[in-house]
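Please have your viewer open as you read.

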Amino acid sequence: MHRLQSIAARSLMAGALDPCPALAAPGPGRRTNRAGLRRYNASGAPAAAVAAARNGKAREKTLTMETLNPQVKAVEYAVRGPIVIKAGEIERVLQEGGKKPFTEVIKANIGDAHAMGQQPITFLRQVVALCTFPELLDSPSFPEDAKRRAQRILQGCGGQSLGSYSASQGVDCIRQDIAAYIEQRDQGVPSNWENIFLTTGASDGIVSTLRLLVSGEGHARTGVMIPIPQYPLYSAAITEMGAVQVNYYLDEDNCWALDVHELHRAYQAAKQHCQPRVLCIINPGNPTGQVQSKKCIEDVLHFAYEENLFVMADEVYQENVYAPDCEFHSFKKVLYEMGPEYFNSVELASFHSTSKGYTGECGFRGGFMEIINLDPEVKAQLVKLLSVRLCPPVAGQAAMDVIVNPPQPDEPSFTQFHKEKASVLGALADKAKLTEQILSAVPGIKCNPVQGAMYAFPQIFIPPRAVEEAKALGMQPDMLYCLRLLEETGICVVPGSGFGQREGTYHFRMTILPSPEKLKVLLEKVRDFHIKFLKDYSALEEPQCRVQA
């Protein structure tokens, strides 16, 4: 009897049991057993369904390209787009013994430091290891300063375990450490830890903030101002949410500087068809590698104040500044120095991450955002929104804590930590300079100085014949260029069209993360390929000037 009840319960969950089996009469061609259950074949499918399938009447899928959310179909993310998929196919051919004009694929498409050979920072891994396996706290192999940090983090976790959920905003003691870090970074500008939210990488915070801001229909729909070139996360999120993308162009002839006059132009043009409410800035720049000056940031914040815009400052590369005449200025610090009228009114969200800087811990998916001047009721809504995804990875939160609370000069791990950090950042500075020097010397390539971040975004001249060929193939000219570069050299870079660029100009983005030896080989291969590409299309000449807006 118990077994029959179990079968009936399972069938009911599948929608296969008649509501009242004792009263239901079998219809024509319908067979039931004595318990009133439909007859199934060995595969678990109703016999009628199997018969329909045999007659060519297979059940249609609910989710097809026709029924798929159109906003999802419209999303594009060039960093992991067609070029990267093709690179993966070529890698498999090589692994299976296939022949190519090269022996390996060099993936310079994404800022994944450890995949490019960068070694982890010892102290960060020690703390996370101690948090993950607390029995190691008794081991003499781990320094005391790492143990103290791990014990403090664990005390803030439920059950003193990294495996427990945290509060949706993050572990309180980590939020407090982040606030202390911000105050120190900004030379005393106050930071309230209750305005700190731990996130699953900076991307999670950016998307969550945009979700709060997107509303309205028609001309009242939210417009989001983003730099062009931009990191494709922004355009993808805007598309998915059905917001309006408002492009403002960085000044390539002035090392990708942000011109406030261009902000005014873009804002006024956008007001004709949407309501611009958000201004996004990436500093240091991705993919452009520029570091904005303090004066530029002041101009941007004044513009946001005057036009009542919510400012989103993507500052994940704040540790990655290489040019000797450049310095990172946080938007929050500059806003504070502009006075109370600005600091107490401009809504500002700033973002940071474990994935960049000198740690490159992309896989931990750690990050945080600080939001100031948020309406208290809206803040409660943000907490509600964040609670839907429960909490960010707690191991990523622990990694973030180490970044904002590193060893101090009087602690045992300081010397090794400082040496490793300086080595990573020093090597990146050298590679930034090497990249600019080699690319700028190639006929038909123009590369601005890589002042910061992890990328170069050189302009490439593509001859008219190649442009025509690309159009005939239904692709962007720089996509054709990057595909040929991949197929002939094994180098994987991302077409500039995936980030946005002025009409009539072409670029590609490449990371400077490979080892110095591999980077030099990569750059020399790009040089040789580009010269051959121009010769193939009979146009060995300098790139054209950028088309003005």
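A residue counts as buried when its relative accessible area is under 20%. By that cut-off, 51% of the 549 residues of the chain are buried. Keep in mind that this is a predicted model.

**The chain as a whole**

The chain holds 19 helices and 14 strands. Taking contacts between residues at least 6 apart in sequence, 71% of them join residues at least 24 apart.

In soluble globular proteins, nonpolar side chains tend to be buried together. Here the largest nonpolar core contains 122 residues, and I178, M312 and M510 have the most contacts inside it.

What does M312 touch, once residues up to four places away in sequence are set aside? Its partners are I206, T209, L210, L213, V278, L279, C280, I281, A349 and F351.

| Helix | Residue range | Residues in the contact |
|---|---|---|
| α5 | residues 122-132 | F123, Q126, V127, L130 and C131 |
| α6 | residues 144-155 | D145, A146, K147, R149, A150, I153 and L154 |

By class, this contact of α5 with α6 is made up of eight nonpolar, one polar and three charged residues.

How do the two axes meet? The axes of α5 and α6 come within 9 Å and cross at roughly 45 degrees. That angle is why α5 counts as oblique to α6. The crossing in which α5 passes α6 is right-handed.

Which residues of α5 are buried? They are F123, L124, Q126, V127, V128, L130 and C131. The cover over the buried residues of α5 includes α6, along with α15 (394-404) and α16 (414-440).

Is G163 buried or exposed? With a relative accessible area of 74%, G163 is exposed. G163 and V394 are 231 residues apart in sequence, yet their C-alpha atoms are 7.4 Å apart in space.

Key
Residues are numbered from 1 along each chain as its sequence is written. This is a predicted model: local features need pLDDT of at least 70, side-chain atom pairs count only at pLDDT 80 or more; totals for chains, interfaces and linings use all residues. Side-chain values use heavy atoms; hydrogens and water are left out. A nonpolar core is a set of buried Ala, Val, Leu, Ile, Met, Phe, Trp, Tyr and Cys residues joined through side-chain atoms within 4.5 Å. Buried means under 20% relative accessible area, exposed over 50%, partly exposed in between (1.4 Å probe, protein chains only). Contact means heavy atoms within 4.5 Å. Axes are lines fitted to C-alpha atoms, for helices over the stretch in contact, and angles run from 0 to 180 degrees between N-to-C directions. Helices (H or I, at least four residues) and strands (E, at least two) are DSSP runs, numbered from the N terminus. Angles under 35 degrees count as roughly parallel, over 145 as roughly antiparallel, 65 to 115 as roughly perpendicular and the rest as oblique. A crossing is left-handed if the near helix is turned anticlockwise from the far one by less than a right angle, and right-handed if clockwise. Ala, Val, Leu, Ile, Met, Phe, Trp, Tyr, Cys and Pro count as nonpolar, Asp, Glu, Lys and Arg as charged, and the others, Gly among them, as polar.
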